[in-house]
Every structure is written in C-alpha cells, then in structure tokens.
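Please find my notes below.

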Amino acid sequence: MDAGVNGIERMRDLVSVKFRQYAPVDPVRLAKFVSSQRGAQFLPDGTLKFMTKGLNAQELLDQLHQLLETLTEHEAPSLA
C-alpha cells in the first residue's frame with residue numbers, strides 16, 4: 001500500500017503522520033477522521049496529528065495500517 005507517507009512519529013500518546021504533497025488521501029475521509037478524534041489536527045504542512053491511549057507497539061501499527069487504508073483513495077478496478 002502506498003499511502004504517500006514520509007514519516008510517522010510517536011511521542012507518548014501523540015502520533016504524527018507526515019504525508020507527501022501529492023499523497024493519495026481522500027480529503028473527505030481525512031476531514032471525517034479529524035472531526036471524529038478529539039484534539040486531532042491536520043496541519044498545512046501535511047501532518048496529521050492525533051492522540052492514542054494505552055496502545056502497545058503492535059496495536060498502534062495495526063491502528064495506523066487501518067487508518068491509512070481508510071484514508072487512501074482506492075482506484076476503481078478497470079473493466080477492460
């Protein structure tokens with residue numbers, strides 16, 4: 001999966017996901033995520049910041065994978 005991510009950082013409960021300029025992220029899905037997460041932000045430099053609580057490393061990786069799958073625009077399969 002290519003979600004257009006340059007980097008991911010975790011500082012305690014704060015996760016920052018830095019997207020490339022032309023990342024294939026659906027803006028509607030991104031806006032829904034930000035509005036559904038208390039304290040979440042999407043910054044002008046392409047960084048998504050949100051809080052996680054009580055997750056171990058594997059749980060966080062699973063959550064990030066699912067989030068990136070959800071945010072990424074999936075192209076419709078070709079009928080050719």
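**Notes on the model**

1. The accessible surface of the protein is about 5900 Å², with 53% of that area belonging to carbon and sulfur atoms. Areas are from the Shrake-Rupley method with a 1.4 Å probe, and for residues only the protein chains shown count as cover.

2. This is a predicted model: local features need pLDDT of at least 70, side-chain atom pairs count only at pLDDT 80 or more, and totals for chains, interfaces and linings use all residues. Residues are numbered from 1 along each chain as its sequence is written, and side-chain values use heavy atoms, with hydrogens and water left out.

3. Of the 80 residues in the protein, 30% are buried (under 20% relative accessible area, 1.4 Å probe, protein chains only). The C-alpha atoms fill a box of roughly 50 × 30 × 25 Å along the principal axes.

4. The protein contains two helices and four strands, in the order β-β-α-β-β-α along the sequence. Helices (H or I, at least four residues) and strands (E, at least two) are DSSP runs, numbered from the N terminus.

5. Helix α1 (residues 27–36) and helix α2 (residues 57–71) have axes that come within 8 Å and cross at roughly 135 degrees, and therefore α1 is oblique to α2. Axes are lines fitted to C-alpha atoms, for helices over the stretch in contact, and angles run from 0 to 180 degrees between N-to-C directions; under 35 degrees counts as roughly parallel, over 145 as roughly antiparallel, 65 to 115 as roughly perpendicular and the rest as oblique. Arg29, Leu30 and Phe33 of α1 make the contact with Leu67, Thr70 and Leu71 of α2 (heavy atoms within 4.5 Å).

Key
Buried means under 20% relative accessible area, exposed over 50%, partly exposed in between (1.4 Å probe, protein chains only).
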